[in-house]
Amino acid sequence: MKGVTSSATAMGCTQYRGKDGTDEPGTWRTPTYREGILMLIFREQIEATSAETGFQPFTRLVFYWLGTESGPVYAWAMRISQPYELTFNYNSSKASKTSRLRCIRDVE
């Protein structure tokens, strides 16, 4: 995660406080596998809201952790590539230091 300065990367989504730093700790979380798939499906619409939300476009060919685990050592991650048809999810060791976080929160 070299070069990434987000507090979410250093402390995890539960400590992330939003783009302005004013959200309560614990209101953000790592997306589940299914939510990751939805993020991929709606990536263009999500990225189009960047002026309002501060959401930076996905970095191509970088893995993003998902909150769905598959045992004590592995968790799911997603990679976005171009063309998007080559995007895939995979099972990765939690010890990997090359994946990033994209935090989400529930909106009522």
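Close-up 1. D23 counts as buried at 16% relative accessibility, where buried means under 20% relative accessible area, exposed over 50% and partly exposed in between, with a 1.4 Å probe and protein chains only. The model is a predicted one, in which local features need pLDDT of at least 70 and side-chain atom pairs count only at pLDDT 80 or more, while totals for chains, interfaces and linings use all residues. Residues are numbered from 1 along each chain as its sequence is written, and side-chain values use heavy atoms, with hydrogens and water left out. D23 forms a salt bridge with R105, the closest N and O atoms being 3.4 Å apart; the term stands for a side-chain nitrogen of Lys or Arg within 4 Å of a carboxyl oxygen of Asp or Glu. This pair links distant parts of the chain, with D23 in the loop between α1 and α2 and R105 in the segment after β3, 82 residues apart. R105, with a relative accessible area of 38%, is partly exposed. Helices (H or I, at least four residues) and strands (E, at least two) are DSSP runs, numbered from the N terminus.

**Close-up 2. The salt-bridge network of R29, E35 and D106.** R29, partly exposed with a relative accessible area of 26%, forms a salt bridge with E35, for which the closest N and O atoms are 2.7 Å apart. E35 counts as partly exposed at 22% relative accessibility. R29 also forms a salt bridge with D106, here with the closest N and O atoms 2.8 Å apart. The pair of R29 and D106 links distant parts of the chain, from the loop between α1 and α2 to the segment after β3, 77 residues apart. D106 counts as exposed, at 59% relative accessibility. Salt bridges that share partners join R29, E35 and D106 into one network, and the structure holds three salt bridges.

**Close-up 3. The disulfide of C13 and C103.** A search of the whole structure finds one disulfide, a term used for a pair of cysteine sulfur atoms within 2.5 Å. The sulfur atoms of C13 and C103 lie 2.1 Å apart, and with -85° about the S-S bond the link is left-handed. The pair links distant parts of the chain: C13 is in the loop between α1 (7-11) and α2 (33-41), and C103 is in the segment after β3 (88-93), 90 residues apart. C13 counts as buried at 3% relative accessibility, and C103 is buried with a relative accessible area of 13%.

**Close-up 4. The aromatic pair of Y16 and W28.** The structure holds two aromatic pairs, taken as rings of Phe, Tyr and Trp (its six-membered ring) with centres within 6.5 Å, where planes under 30 degrees apart count as stacked, over 60 as edge-to-face and the rest as tilted. Y16 and W28 form an edge-to-face pair, 5.1 Å centre to centre with 80° between the planes. Both Y16 and W28 are buried.

**Close-up 5. The faces of helix α2.** The buried residues of α2 are G36, M39 and L40. Seen down the axis of α2, these buried residues fall within an arc of 100°, so they line one face of the helix; the arc is that of the directions from the helix axis to the C-beta atoms. The face of α2 turned away from its buried side carries the exposed residues R34 and I41.
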